[in-house]
Amino acid sequence: MQRVIVVGAGVIGLTCAVRLLEAGHRVDVLARDLPLETTSSVAAALWYPYRALPQDKVTAWARTSYAVLSRIAAPSDLGGDPESGVRMLPGTEVFAAPTGDPWWLPAVPSLDRTLDLPDGYRDGWAFTSPTADMPVYLAWLAGRVAELGGTITRLNLSALPVGRGPVVNCAGLGSRLLGADRSVVPVQGQVVYVEQVGLDRWWLDGSGPTYVVPRGHDVVVGGTDVEGEWSRTPSPEVASQILARAARLVPELRGARVLRHKVGLRPVRPAVRLERIGDVVHCYGHGGAGVTLSWGCADDVVSLLS
Ligand SMILES: Cc1cc2nc3c(=O)[nH]c(=O)nc-3n(C[C@H](O)[C@H](O)[C@H](O)COP(=O)(O)OP(=O)(O)OC[C@H]3O[C@@H](n4cnc5c(N)ncnc54)[C@H](O)[C@@H]3O)c2cc1C
């Protein structure tokens, strides 16, 4: 067992840190942004393989993560933790035209075609998916790191700290610098948080994209998908468009009180990079699916270091 430095304290860095600690390594996480300041804290966060490739690996990572997240979401007498912010929620993805099965179908235990669709939609499928209230879940992951003896330190690095043992690069978009990788680009996503209006299922129309993910006290309503845009300033016009699209999908949202706005930059890459080069394991470029792929990728990172 060795000392491993994990760079990045988003969902990928923290999940890798947990799995490495569980495998018996000593782990120190170094990050410019602490968990609640990361892109990960903005995620909706629905288990759903979105804007991440390649399909075969993404399906396998997503399948593993589905299983782990559903265990975490289980009641405490079944080994879950109600304080984790993760819960299983039924929901529906809708389409304007008849659609074939999703390529990631093997990653979900079951998925049913449904005709119970909002106006204007002609196809859809329903399945139960893990969802995470990210500020709560990231704090829970950070707590696991601490419980297992790991540390998290704020540090803005100008290069990966190589030369003192293995390093796991989970810097997301920061890998443009730390991994000298210009192929990872921002895909901006804006979300609006509105008051809970009694919703107990998620909805997704990928064409907007438009999504509605209820949490305990509020509802995350999205979204946008703007490639190459670096701004993290929410736009009031875009927020109005998001709310109008969402209200067409879920009419109960009409008139819901807006609580706040956020923008995050998804780290999109032609393919997720998960490989070992010497003492460095790169694990970044999870696009719109970092939560969805986190546990599967963390297992592979541990394998690359054993
Ligand atoms: C609006 C929106 C909605 C989303 N919804 C979902 C969803 O429903 N489901 C889902 O699975 N995913 C979703 N995502 C995608 C998900 O948020 C990302 O895939 C995920 O956050 C990537 O995690 P990460 O840990 O790789 O990166 P980040 O969370 O960005 O963390 C990167 C870490 O690296 C650190 N770092 C970077 N550069 C340096 C440096 N030079 N020195 C030190 N540290 C550095 C950062 O400070 C940070 O700690 C969504 C994203 C957005 C924006």
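Colleague: Is the crossing of α1 and α6 left-handed or right-handed, and how is that read?

Modeller: A crossing is left-handed if the near helix is turned anticlockwise from the far one by less than a right angle, and right-handed if clockwise. The crossing of α1 and α6 is right-handed. This is a predicted model, where local features need pLDDT of at least 70 and side-chain atom pairs pLDDT 80 or more, while totals for chains, interfaces and linings use all residues. Residues are numbered from 1 along each chain as its sequence is written, and side-chain values use heavy atoms, with hydrogens and water left out.

Colleague: At what angle do α1 and α6 pack?

Modeller: Axes are lines fitted to C-alpha atoms, for helices over the stretch in contact, and angles run from 0 to 180 degrees between N-to-C directions. Helices (H or I, at least four residues) and strands (E, at least two) are DSSP runs, numbered from the N terminus. Helix α6 covers residues 290–304, and its axis is 8 Å from that of α1, at an angle of about 40 degrees. Angles under 35 degrees count as roughly parallel, over 145 as roughly antiparallel, 65 to 115 as roughly perpendicular and the rest as oblique. α1 and α6 are therefore oblique to each other.

Colleague: Which residues of α1 and α6 meet?

Modeller: Contact means heavy atoms within 4.5 Å. Among the residues that meet are Val11, Ile12 and Arg19 in α1, and Val291, Trp295 and Asp299 in α6. The residues of this contact of α1 with α6 divide into ten nonpolar, three polar and two charged. Here Ala, Val, Leu, Ile, Met, Phe, Trp, Tyr, Cys and Pro count as nonpolar, Asp, Glu, Lys and Arg as charged, and the others, Gly among them, as polar.

Colleague: How do the axes of α1 and α3 cross?

Modeller: The axes of α1 (residues 11–22) and α3 (residues 134–147) come within 9 Å and cross at roughly 30 degrees. α1 and α3 are therefore roughly parallel to each other. Their crossing is left-handed. The contact includes Leu14 and Leu21 of α1 and Tyr137 and Leu141 of α3.

Colleague: What joins the side chains of arginine 269 and aspartate 181?

Modeller: A polar contact is a pair of N or O atoms within 3.5 Å; within protein, one must be able to donate a hydrogen and the other to accept it, and residues adjacent in sequence count only if both atoms are side-chain atoms. Arginine 269, in strand β13 (residues 258–277), makes such a contact of 2.8 Å with aspartate 181. The side chain of arginine 269 also reaches the backbone oxygen of alanine 271 at 2.7 Å.
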